[in-house]
Amino acid sequence: IRERDPWADPVPHPLADPDSGIVLEEGGSILDPAVWGIDPETGDLLSTGLYDADLGGRRVLIVGTTRYAGKTVVQNNLCEQVTGFRDALLIKLNLSKAIEDRAWAPACHLTAIGAQQAARAQKIMDLLVAVIDIRPSLRDAPVFRPGIDGPAIVLDIDEVDTAVPFIRKQLRDLMSKGGSEGITVIEAGQRGIGDWVGGRDIRALVDVVFCGKVTRAREQEHAAGPLAAEMPDMTSYGGGALGVWAAAEIGGTAVSGRSLLLKEPRDLRRIAESRAHSQPGLE
């Protein structure tokens, strides 16, 4: 007999609520799965790989309906994990208001946030493409192996910015060739169709999909493609609770539950400041 609804209340992130009872490992590796949520039915933590030791950086797409899915909360969970990894650097591009991205900026390796930083965003994308050209000469293995002296690079970008012509062109290179050179791409948006994520060719390269609350089952199919068959019906999953997600990897199984609640700017700033470092010059 169930005495309470496990979906009734969100589950606070342990760095937002020390009394949550959840313990997350500190100082992990990008090779470890990134924890982002919990299964309210069992209490098991949910995690998804952002880097494959044999294939390199993953191409991650986060899709959900604005205001109901909680894309930013999932991104915050992934940012918390990446900035805590000892062998990964986080780069954030968001040419809109991006309140949360500004909060994470101190813990990022590079950022271009706000419309006035479009030129800087282009330089950062140029730099990432240059990494693809340089790194093959620095490794003996088939795929770049991240370490403290040669970290993985995680690019977090919003779908709105993929419409910018220079970003769209360079993102295609990062998605197609960047994985083996240690670059993971995380893109978040409202829909999973090609026109919304930067083009059909970019959509075809996605190998990890997070799908949140959607209004129509067709949207879930657009977002996850054949991986949708591994997910619950995200139009009704969680009984209407906010922040419910399913995540699936090509060649793996899907996990589903609720994202850990990490959204208050003061919590994001506190975490980022505890991991802060100065951003290098683009030269």
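Modeller: A contact here means heavy atoms within 4.5 Å. The model is a predicted one.

Colleague: Which residues does S259 touch, leaving out those up to four places away in sequence?

Modeller: By that cut-off, S259 touches V11, W36, G37, V73, V74, N77, G243 and W245. S259 itself is found in strand 12, residues 255-259.

Colleague: Why is S259 called buried?

Modeller: The relative accessible area of S259 is 6%. Buried means under 20%, so S259 is buried.

Colleague: What makes strand 5 largely enclosed by the rest of the structure?

Modeller: Strand 5 covers residues 59-63, and five of its five residues are buried, so the strand is largely enclosed. R59, L61 and V63 point one way, V60 and I62 the other way, and all are buried.

Colleague: How do you know that strand 5 pairs with strand 9?

Modeller: Pairing needs at least two bridges. Strand 5 and strand 9 (residues 183-189) have five, in the parallel sense, so they count as paired. R59 stands opposite V185 of strand 9.

Colleague: And what joins strand 5 to strand 10?

Modeller: Four bridges join strand 5 to strand 10 (residues 208-211), and the two run parallel. With at least two bridges required, this is also a pair. The bridge partner of I62 in strand 10 is F210.

Key:
Residues numbered from 1 in each chain as written. Predicted model: local features only at pLDDT ≥ 70, side-chain atom pairs only at ≥ 80, totals over all residues. Heavy atoms only, no water. Buried < 20%, exposed > 50% of the residue type's maximum accessible area, 1.4 Å probe, protein only.
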